[in-house]
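This briefing covers strand pairing and salt bridges in one protein model. The structure comes first, then the notes by topic.

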Amino acid sequence: MLLLKGGRLLDPTSGTDAPHDVLLDGERIIAVETPGALNGRAAGAEQIDASGLVVAPGFIDLHCHLREPGGEISETIETGTLAAARGGFTAVCPMPNTRPVNDNASVTRSILERAQAVAHTRVWPIGAASVGSHGEALAEIAAMQKAGAVAVSDDGKPVATAKLLRQVMDYCRALDLPVIDHCEDVSLAAGAAMREGSSSVRLGLRGMPAATESICVARDIQVAALTGCRYHVAHLSTRASLDLVRGAKRDGLRVTCEVTPHHFTMIDEEVGYDTNRKMNPPLGSREDRDALIAGLADGAVDVIATDHAPHERSTKDVEFDRAPFGILGFETALSLALELVHSGKLRLMRMVELFTAGPARVLGMRRSVAPGEPADLTLFSTSHEWKYHVADSASKSRNSPFDGRSFRGAPMMSIVAGGVAYRR
């Protein structure tokens, strides 16, 4: 048994915000009581002093890339999930753009078998929507779901056509499986390296307009309305896209969205020629960033997701145009979100919801600190001061724009299935 004593329990599902002791036995929470009330039941339990820390449901990252199989030079399930645990995450959802693509039950099972052997967090794979993510034919969606996939996506690219998207959504509605789309009009994005605007002109780089994303979001929402499917917008980055999501929610559609820490922290003016600031969707305007922060605060945004995208060093050490999109995200996500809390732009309870109950709802799950629930917990400090050094990252890659950044607030412990996966 494990007894967490005196922490500030923040549970968005129950609305609890008060000191509590939490008792874990094996892979389940067995009791949650006021401080001291569990002393008689916890004889022999390992005790952890959580005073001064927030105790929250285990964080879920709804969008990441673990690169295994096929991209182990950049990341593995073992190294990626260790980085995730160090970031406070207890479950991660790797996207299917591996080699081979996770488009059938055999690949899904192999990922889960590998995770069972080496992962530091739970691993909930996302399967491909189309065979090979080529946008031509439906993947083995039902078989992947049976094997353990929690959603489908052709992430890295959008579902290719409205016709195919309708087929995917019709099929997934019958399975009650969410469809996650990387929203991009590929004809507008072709050859672009950053967001179109004054910064791209100044740098002499080809840019993609913000409408590259919102055009695709508009298409997807209309197909979601046609099919009644659960639809989730990956890494939403523009004000126009968020306005479309707000409208869909008002209309009662089952539409959700996520925002990444890099999109609510940085803007296109900061890109320079730093390939560690190159991601897709690209960094947006100041107005876009402010709109995303407002959506995080008022409930229009459902999830904070990292889009952790490791790349082996040499692939980023090239000209900006030639570098791949993507940055590391696991170990800095919570601390970047706490910057919004400290600045008064986001309530702490709301921030916790965006990492816990929000992603759980997208997946049709529940996330709460209550008896009978899984013993997955994240303990963090809102005041611990530290500096991020990417050289010390658990990831195999080093492509972070936040190297050397000082933070106030950090993950202190990640508990997965009743065991301590990480302790600062």
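R122, R367 and D376 are linked in a network of salt bridges, a salt bridge being a side-chain nitrogen of Lys or Arg within 4 Å of a carboxyl oxygen of Asp or Glu. This is a predicted model, in which local features need pLDDT of at least 70 and side-chain atom pairs count only at pLDDT 80 or more, while totals for chains, interfaces and linings use all residues. Residues are numbered from 1 along each chain as its sequence is written, and side-chain values use heavy atoms, with hydrogens and water left out.

**Salt bridges**

- The count by this rule is 22 salt bridges.
- R423 and E46 form a salt bridge at 3.6 Å, N to O. This pair links distant parts of the chain, with R423 in strand β17 and E46 in strand β4, 377 residues apart.
- R423 is partly exposed at 46%, and E46 is partly exposed at 43%.
- R322 and E319 meet at 2.8 Å, N to O; R322 is exposed at 61%, and E319 is partly exposed at 48%.

**Strand pairing**

- Strands are DSSP runs of E, at least two residues, numbered from the N terminus; two of them pair if DSSP finds at least two bridges between them.
- Strand β5 (residues 54-57) runs parallel to β1 (residues 2-11), joined by two bridges, and L9 stands opposite V55 in β5.
- Four bridges connect β5 with the antiparallel strand β15 (residues 377-387), where L377 stands opposite P57.

Key. Buried < 20%, exposed > 50% of the residue type's maximum accessible area, 1.4 Å probe, protein only.
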